[in-house]
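Let's take a walk through this model together. Keep the 3D view open as you read, and stop at each residue along the way.

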Amino acid sequence: MKIFKQLTYLLVATFLFVSCSSDDDAIDSPPLPLGDYEAGFFVANEGPFGTGTGTITFVANDFSSVSQSIYNTVNSSDIGNVVNSMGFYAESAYIVANNSHLVQVVNRYTFESEATITDGLDNPRNFVAVGDKGYITNWGDAFVETDDYIAVVDLLTNTVTETIALPLGPEKVIAVGTNLYVAHQGAYGQNNLISVIDTTTDTVSTTITVGDVPNSMVLIGSDLWVLCGGAPSYATVETAGSLVKVSTATNTVSATMTFEVTEHPSLLTSEGSDLYYTLNGEVYTMDVAAATLPTTSIISGFFYGMTAHNGKLYATDAGDYASDGTLKVYDLATQVEEQSITVGIIPGGIYFNN
Amino acid sequence: MNRQYCLISLFLLCCGFFGNAQTDTIQRLDTVVLNDSKLVHFSEGFKLQTLSDSILDNHTSLTDVLRFSTPIYFKENGYGMVSSPSFRGTNASQTAVIWNGIPINSALNGQTDFNTIAPQASDAITVRSGGGSVPYGSGAIGGSIHLNNEMVFKEFSETDLKLLYGSFGTVEGNFKTKMASKTMFADVHVNFISSENDYEYLETDQKNENGEFNRFNAGTDIGFKRKNHLFTWNTNYFLGKRNFSNTITAISRSRYEDVTTRNLFSWKVFGKKYESTLKVAHLYEQYWYFANRETNNYDGGRAHTLLSDYAFDYKLQKDIKLSFNANYTRIEGKGTNIGTNTRNTLTFFLMLHHQVTDAFSYGASVRQSFLNDFDNPFLFSADASYKVADWYTVKANGSKNYRVPTFNDLYWNAGGNDALQPESSLQGELSNVFHFGKLQLEATAYYIHSNELIQWRPNASGVWMPENVSEVENYGGEFSATYKTSFQKHDFEIQANYAYTKAFNVEKQKQQLYVPFHKATGLFTYTYNRFQFEYQSYYNGKAFTTTDNKGSVKAHSVSNIRTSYTLGPKTNLIMLGVNANNIFNTYYENVAYRPMPNRNIQTFINIKF
């Protein structure tokens, strides 16, 4: 069975290779392909909590091929439990397995394993690289609110060199120049902060208060748009979601738009000057110049991950969370669903490899 | 392997080489009293399998006892960890556990963790297949497991002491003493087990980390007979302390402690034509879950169940028995995530048994509950038994059963849904029992249709909540055989079970999670004088782990050997023995990514006086 699976992957890979090289034949000196997983994007599938492994699905940019569980295929081993996110640095990809408390380092084109980072990680969440250093947000013990931190990784040796203590629940992280913006979504609780870290000194330079539960961020120009879900209905006090604009020049909040108290948006993504997010099973869009939040949706669907890219919206549907999910691709101009691709269990983030 | 096993089973069944552990009825001697009288008098058309105390003594957990001798599949989260049954393909809260006639599934999650029941605390365990909600209430859908303590009113006393030591730092001790006269009975039993449980994961360089557990169980059963009155008191105390073990990919730091206490008082009055029974029981359960064993932060919950039950059994004619029952149950639950809530239920049920001829009998019963916030379905059950010939009996039953939402389902923060309704199921079964001398065969077919099944899934704002959404059909066939023979001083006994189980989700048209299509068990015992050799084995077919039936745990079979020799005079027997478990050193999982123990050895000494 395994051999059969591997043969299938080999076939797919061969096909990919063939299609790549036939495209490249038009150009006079074809560059050597960097690997089977060069011309496409990855879907990080969390996998079942506790009893199983997360997986990575690779999809060719033109959707001509789909490869499931590519880490397992290449390395004959599991990534780890609950694949929360992925990041890139040079020729490497960093796959964060939250519940195994590790990060798998692979070649981003071949997916061959390069290293496993375990020491210094405790409930790792998200990865970003600045220079030769990697930064990984960590919850620490998920049930202790005071041990959260960022692990600083020397990317040349793939070892954690130091940690920066942070308030509760650091989650998404974006690099702006030499600064990091860390959204404190709040782990199993709630928080309302953005920590700004100066990577030249690896210290927290300032803290910005935003809305409750900042769950996603995008950078447009010098503005950091932070989508805050608000405290959920089961929190002690339910609060409204909000969309907060932070100037990275001054590190201050320059605008806030508030949702209804029972509205908890998430999954902010952008393309050009358009923002996209989801709310109650609907996708909304607004221009960054808009004065008010949109009231009509453009696409319907319950999504677990969402990324706008080259005129298309890539959105994952986790289905019943106990079987393979689906990646859907919509044309943002027409809002028509163009692709529906089976991926792994609980698909979340979508990461483009080029 | 799968096919091979089936073929062997079939071959042995065809050759009539097997026998069966089932007994149609429990013999009810006047001197032996069981509190679970519905099991004795009103289950004639049902399939019952009673496990003798020798089987109970051979295992350290109820999970192992049932896994090796019944078609029930167990999802065990690593050895000794939380263990839940799938009986005829139903889910964990659709098997009712009945202790001396009282339902004891947790009020909080609707289930019994089969690793929190010490098999040695019971004198007999009976597996009643099929719907039992009329006499036993919520959850008796796949079937019910009856833990019974027998009181024997005759002059005797006996004491059993067993000590076991084995691999993975496992130590077990058992003490049971009974003394009785014609009017008084008392027993005391104490059981503990502790294990490092750090077995290696075969085929890897990992081992079972954070899997230490220990369990303590103690109880006493006391009865007095005065003229036509019988007073009994059954009590049991359980304390479990476990770390919850790693999986292959996820480390664990968690710890879990739980306590249950059970007390049951009963007063029976025997008349010429009637029997009146008043029962009052109190059940208590509490748990503490430490996500990090190093800290003192925990989530917890507890529930008090106060139950009073009156039964009036009346002999209308010589052949017709009626049983009128009224039951009032109050549950008070409290917990980190469920607040403080109570549930009151008032229930009436009526049962009829008519022995039309020596060969033919039937039964019928109805049940209605009141007071609950959710709908209280009207339940019914009918059964019949017909002895066609000396060697052939046919039995049939049909029933409507239910499972009420648990406190977690209703009140969990976040997600609890107080608009939930009970799950309901309609089912039927036909059973054929054959006796050919020393050979007994049983072939059963059943069908269960369940709907309004409670399933947790994310709602519009992404919060997981339970809803009455799924519909499942289960059907299957069960075959069992027992054969006993002896020549000169050589005794042989063979028991075997095979079950085919189909349980599919009607919407998805896929097999339910963790329900293997095939399961088989086999037991061979050879006794020569005071020497005994036992070979026991089971086979679990492939079981799916994802709802699209793409992921699965592999089919596997596990075999154990047990040998013992008994020394000493009859009044003072000393048994010495060795268990070799998983003798073929098979790698297996019954929950994905949770490897089970490799080959291991235990030695034991058992003293009777």
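In which strand of chain B does B:Ser381 lie? The answer is strand S21, residues 379–389, where helices (H or I, at least four residues) and strands (E, at least two) are DSSP runs numbered from the N terminus.

A quick word on ground rules. This is a predicted model, so local features need pLDDT of at least 70 and side-chain atom pairs count only at pLDDT 80 or more, while totals for chains, interfaces and linings use all residues. Residues are numbered from 1 along each chain as its sequence is written, chains are lettered from A and ligands numbered from 1 in the order in which they are written, and side-chain values use heavy atoms, with hydrogens and water left out.

Back to B:Ser381. With a relative accessible area of 10%, B:Ser381 is buried (buried means under 20%, exposed over 50%, partly exposed in between, with a 1.4 Å probe and protein chains only). Setting aside neighbours within four places in sequence, B:Ser381 is in contact with residues including B:Phe46, B:Val134 and B:Gly363, contact meaning heavy atoms within 4.5 Å.

Now look at where the two chains meet. Chain A and chain B each bring 25 residues to the contact. Between them they bury about 2,000 Å², 56% of it on carbon and sulfur atoms; buried area is the accessible area (1.4 Å probe) that two parts lose on being put together, summed over both. There are three salt bridges between chain A and chain B, a salt bridge being a side-chain nitrogen of Lys or Arg within 4 Å of a carboxyl oxygen of Asp or Glu. B:Arg253 forms a salt bridge with A:Asp122, and their closest N and O atoms are 2.7 Å apart.

Next, the aromatic rings. Over all chains, the count is 47 aromatic pairs. Rings of Phe, Tyr and Trp (its six-membered ring) pair if their centres lie within 6.5 Å, and planes under 30 degrees apart count as stacked, over 60 as edge-to-face and the rest as tilted. B:Phe231 and B:Trp267 are stacked because their ring centres are 6.1 Å apart and their planes sit at 5 degrees. This pair links distant parts of the chain, 36 residues apart: B:Phe231 is in strand S14 and B:Trp267 in strand S15 of chain B. B:Phe231 is partly exposed at 38% relative accessibility, and B:Trp267 is partly exposed at 36%.

Over in chain A, A:Tyr37, A:Phe42, A:Phe58, A:Phe88 and A:Phe111 form one aromatic cluster.
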